[in-house]
Amino acid sequence: MNSKEILYNYCLRLGDDALILGQRLSELCSKGPILEEDLAQTNIALDMIGRAQALFNYASEINGGKNTADDIAYRRPEFQYRNHLLVEQPNEDFAHVIARQLYISAFEVLFYGSLENSKDSILASIASKTIKEIKYHLQHASDWTVRLGDGTPESTFKMQRAINNLWMYTGELFEMDSIDDQLLKSGIGVDKSPLIEKWRKQIQATLSEATLTMPEEMFMQSGGKQGVHTEHMGHLLSEMQYLQRAYPDAKW
Amino acid sequence: MKNLHNDESFQKRIDANEHVEPRDYMPEGYRKHLIRQISQHAHSEVIGMQPEGNWITRAPSLRAKQILLAKIQDEGGHGLYLYSAAETLGVSREEMIEQLHSGKAKYSNIFNYPALNWADIGAIGWLVDGAAIVNQVSLQRTSYGPYSRAMIRICKEESFHQRQGYEIMCKMMAGTLEQKQMAQDAMNRWWWPALMMFGPHDSDSPHTGDAVKWKIKRESNDTLRQKFIDKTVQQAELIGLVIPDKDLKWNAQNGHYDHGTINWEEFFEVINGKGPCNKQRLEHHKKYHLEGEWVREAATAHKMKKIKRERHHLTH
Ligand SMILES: [Fe+2]
Ligand SMILES: [Fe+2]
């Protein structure tokens, strides 16, 4: 891969996380436990799709306009999506929605906080816009983790279960591969290895306030960045891509 | 005797176009009418999230998805303003939701129709929000202060919705044959229900009397319906959409469009629960309300624990 291709792929990875989580969250519309929370979830979805749009616009530009942001979002086969497995996990229940958000937002606060210093000015500016949103997402997820963890016996059970179930998808967030290494060298990408300790501390603090326990060490799933997804992904994409695939000549 | 006096001076205030505020005296009938109307309005905003929410996950572009998400968010926000406005009259949101679930409170009949293709999202914004605006603009001058102020906030956002809906219809009509067919199909299904949103003809509208006297309602159903038709017909023609009413024609004498006969029989069937989606909409709301119960309970339990801990902290 030349340096352009590497940067293009990097934008896709970041954009796919935002797109796929945005898609998951938009499934929740009109299904919230209270109206305020319904709006909070669609609001986060909106932030995510907005971030995906910015990153895919940039990817399209890097690619010389050969494909548009919408082509990138809607016209790839499953194995070309590069998101982390965590974000494609289904909305099992409200506790899973919150646990997924807690894990990813705690990661993104650190990741985009570091990307703000990228030598690539466009990535840096996307990062500084998005970091404000991410801080709110993290606050929101942390507040709910505490409420549910330290709520009723039923909610404690459900929150702990979600925290445990999704734990195996968190290791992938910190993996570095050749794309990460090369962009780190050129001062564009983020060094994720030192983030893991800070991330664990953050999660630990929230869980202990929530009277929950940190999951035990376990085997971590990975593959999203190489395009190897969970079974949930195909269903998500077939819904998301429906109109673009069924009417390839249409302009929307 | 005292009440009679109060009712008289109340009516004088109404006649002088004064706003009524939550702590002011108001006749029981006035309060009841408002609770019924505002809660129905709030429920409509919330139930209306369903047919549109049905298309968020399939929205065909990043831009379309963002616009639709933002729009539905606005609608939920309208629901919140309106629930708060109703709460100033002494009814809680939980009570209003119970009344919705028991069938005692209604929501706008329009949402008992399905959103079947992407152009429906255009038609809903353009026609349904378009019709709602006409009604809501008129309600900005309604006599109850909190309701009037909620309407002023809401109207600002509604005009965006209407424009964005029309934009979808424009794109569909400028697109492929299949897109045009989707647009016309949506037009055919939404036109008449949109006209019915204004309610029965003035001659047989059961609630109009007091509502007009109290200036809750400022313009009649037929007047509002006519305004909607007059502003919409040309927009349809401009992009080549056919309005499914063979009797629709310009009346040069009165400067309005005449329209064909509305099928009120269908309207009352749908209101009485026989529409394609009545059961589905209500069951959806009940299902997720029930599913969220453990979350609401947890939030309450957590709050109580916190208060207890703080008190404990203060006394030790
Ligand atoms: Fe609305
Ligand atoms: Fe609206």
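Trainee: How much area do chain B and chain A bury between them, and how do I read that number?

Mentor: The size of an interface is often given as the accessible area lost when the parts come together. Here, in this predicted model, chain B and chain A bury about 4,000 Å² between them, with 68% of that on carbon and sulfur atoms.

Trainee: Which three residues supply more of chain B's buried area against chain A than any other three?

Mentor: That trio is T57(B), L62(B) and W294(B), which supply 20% of the area that chain B buries against chain A.

Trainee: How many residues does the contact take from each chain?

Mentor: Counting heavy atoms within 4.5 Å, you get 45 residues from chain B and 48 residues from chain A.

Trainee: What about charges and polar pairs across the interface?

Mentor: Between chain B and chain A the rule finds three salt bridges. One I'd click on pairs D150(A) with R309(B), where the closest N and O atoms are 3.0 Å apart.

Trainee: Which element gives the largest share of chain B's side?

Mentor: That's α4(B), with 13 residues. Helices of chain B that each supply at least two residues to this side include α4 (62-87), α7 (145-173) and α13 (293-315). By class, the side has 21 nonpolar, 14 polar and ten charged residues.

Trainee: And what confidence scores come with the prediction?

Mentor: The model scores ipTM 0.97 and pTM 0.96. Chain B averages a pLDDT of 94, and 98% of its residues score at least 70.

Technical notes: Residues numbered from 1 in each chain as written. Chains lettered and ligands numbered in written order. Predicted model: local features only at pLDDT ≥ 70, side-chain atom pairs only at ≥ 80, totals over all residues. Heavy atoms only, no water. pLDDT = per-residue confidence, 0-100. Buried area = accessible area lost by both parts, 1.4 Å probe. Salt bridge = Lys/Arg side-chain N within 4 Å of Asp/Glu carboxyl O. Helix = DSSP H or I, 4+ residues; strand = E, 2+ residues; numbered from the N terminus. Nonpolar A, V, L, I, M, F, W, Y, C, P; charged D, E, K, R; others polar.
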